Amino acid sequence: MQFKSASVNKKVALGLAFAFGLLPFPSQARQAVEISAPFEVGESPAGNYLSARVAEAEHDTLAASTFLRESLRADPHNNELIQRAFVAALANGDMPDAFALAQKLVARDSHNSSARLTLAVRDFKAKSFAAVRNQLNSGVAVAQRDLTTILLTAWSYVGSGEIKKALALVDTMSDPSFAVFRDFHAGLMLDVAGRTQEAGARLKAAYAGDQTTLRLVDAYARNLSRQGKTDEAKEVYLAFAKLQPRNPVVLAALSDLAAGKKLEPMVKNVNAGAAEVLYGLGAYGLGAAAGRQGDEIAAIVFLRLALALAPDNALALDTLGEAYSKIKQYESAVEIYDEVPDTSPLRVTTDVRIALLLDAMGKSDESIKRLREIVAENPQNVDALSALADVLRSHKQFVESADAYTRVLALTSPTEKSRWAIYYFRGVDYERAKLWDKAEPDLQKALELYPEQPLVLNYLGYSWVDQGLHLDEAFKMLRRAVELQPEDGYIVDSLGWAHYKLGHYDESLRLLERAIELKPGDPVINDHLGDAYWRVGRRLDARFQWNHARDLNPEKEDLPKILDKIEKGLPDTPAQAGDAAAPPPAPHNVTGNGG
């Protein structure tokens, strides 16, 4: 569960540091995704160890776990190997190995908090709740106990039937920044103990402090349902739906309420409650990672521990799949997403994610085929339609993509703020399909819905310049886009290339050199800069940039033009031969990432 409060996040981060401070670093028939053949383990201990280090660096948890396990066979008393193998086993979800290695670690260091936490999870699974408390209190001095320790210890008291002790311990979190977190877990504990009305009071207090977190909203609304307060439960879900339309969990709950069903509690038992603590830390850690090396692995470890206690927790599985996607371990992400139960409201969502990962893995035909099947099974699913439209657009099937975006628009409310993006992407499709009479109104509509949106200013402004239309307004829009996103190399390139198109070579050169500083590895920007150098007489520099563009894997249709320029240069008079004799490139940053 994630909260907006910076102070809460800071203290949750302390829980992360405590627990793993030693870390070194839809109901439809589905076809299985073909996964690459497994790697082979070598006979050399040194080779296996080096392979493990490479796997760790690449965040390949399966390979790291496998190679470290083999390395440990050759050197079973090596403390560093035990620690690394332990973390790798945890990250890969090899829980029997992780439990055994954790036991070895605490035998060597009784205060190893990461191993103690893992053994506490083992003891939760065994319903040995006194042992859970012993593990948690052995990992760190009682005076230093943090959020993780307090909540898991409290859940162990619930397991022992000592709800009073559990609540008393939770309520020691007296800092106001903990209020929502404290009341949320107190409410879950009371629900598990069968004290539904008391649980409702604590969940209501948590909800009053944060109405934007799905887990809290879902727990509170489900409690209201079981108290017979169906209308209030609907109101809670509908309020959240205004913030996040079409959330599958919310839609499924509203459907059940409309059918007269009482909703089950979000957390049904002690293990699920403890898993909720670990899931919250993993989800927070993933959000805070922001690409920093190693942080995703810490988040993955917490999510694996959560799933050890609640293996069917669809949200934890979905978040774990997201974590693997972020570290570009796409095959592992696919396998995780495919574990989401068919009965879960998230099943269609994860099927869509699998299809998108297939596209990222270079299996675009299979991706599009799967998305079409999902849409056929779920024709009202906006996320599936949007994903299909996005993939079709990325593979230049512009007319089909535009048709899919049209269906998305038909399914969304005119009041939804996100509609600007649908109009924008459909406008891009129409422009690339040379249907400017349809593209221009869509781009203008997108700008009307989201004034000063840099992507739209960039695309519409450049398109007008390219066609010699509304030049004063077009340059004003491009300059404004650069002002709004001055560090976006793609948008700076668009303004520079627009100046080039009108023969403003000196100004073009200044901007394109800046764009290269921001995005040195982009083939189109390097190609543009080469053209600008040629026009100002710097022909050696021009050929250098074109050669660089050639080596940066340009689009297939661009490569012959680049090679021709390397050999022959540009014609002396652009107006005669035309630097833009071929169709102009699309404005950069269509999707915000250079797409």
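Q: At roughly what angle do the axes of α21 and α22 cross, and within what distance do they come?
A: In this predicted model, where local features need pLDDT of at least 70 and side-chain atom pairs count only at pLDDT 80 or more, while totals for chains, interfaces and linings use all residues, the axes of α21 and α22 come within 8 Å and cross at roughly 160°. Residues are numbered from 1 along each chain as its sequence is written, and side-chain values use heavy atoms, with hydrogens and water left out.

Q: Why is α21 described by its direction relative to α22 as it is?
A: Angles over 145 degrees count as roughly antiparallel, under 35 as roughly parallel, 65 to 115 as roughly perpendicular and the rest as oblique. The crossing is at roughly 160°, and α21 is therefore roughly antiparallel to α22.

Q: Which residues make the contact of α21 with α22?
A: On the α21 side V382, L385, S386, A389, D390, L392 and R393 take part, and on the α22 side F398, E400, S401, A404, Y405, R407, V408 and L411, contact meaning heavy atoms within 4.5 Å. By class, nine of these residues are nonpolar, two polar and four charged.

Q: Which residues of α4 and α5 meet, and at roughly what angle do the axes of the two helices cross?
A: The axes of α4 (residues 79-92) and α5 (residues 95-108) cross at roughly 145° and come within 8 Å, in a left-handed crossing. From α4, N79, I82, Q83, A85, F86, A89 and L90 meet M95, D97, A98, L101, A102, K104, L105 and R108 of α5. The contact has 10 nonpolar, two polar and three charged residues.

Q: How many residues line the second largest pocket, and which lie nearest its centre?
A: The lining of the second largest pocket has 43 residues, with Q244, D318, T349, R353 and D383 nearest the centre, and the space within is about 1100 Å³. Among the elements that give two or more residues to this lining are α12 (214-226), α21 (382-394) and α22 (398-411), while α17 gives the most, with six residues. By class, the lining divides into 21 nonpolar, 12 polar and 10 charged residues.

Definitions and conventions:
Axes fitted to C-alpha atoms, helices over the stretch in contact; angles between N-to-C directions. Helix = DSSP H or I, 4+ residues; strand = E, 2+ residues; numbered from the N terminus. Left-handed = near helix turned anticlockwise from the far one by under 90°. Nonpolar A, V, L, I, M, F, W, Y, C, P; charged D, E, K, R; others polar. 1 Å grid on protein atoms, 1.4 Å probe; cavity = no way out; pocket = protein on both sides within 12 Å on 5 of 7 lines; lining within 4 Å. Points joined across faces, edges and corners; volume = space filled by probe spheres on them.
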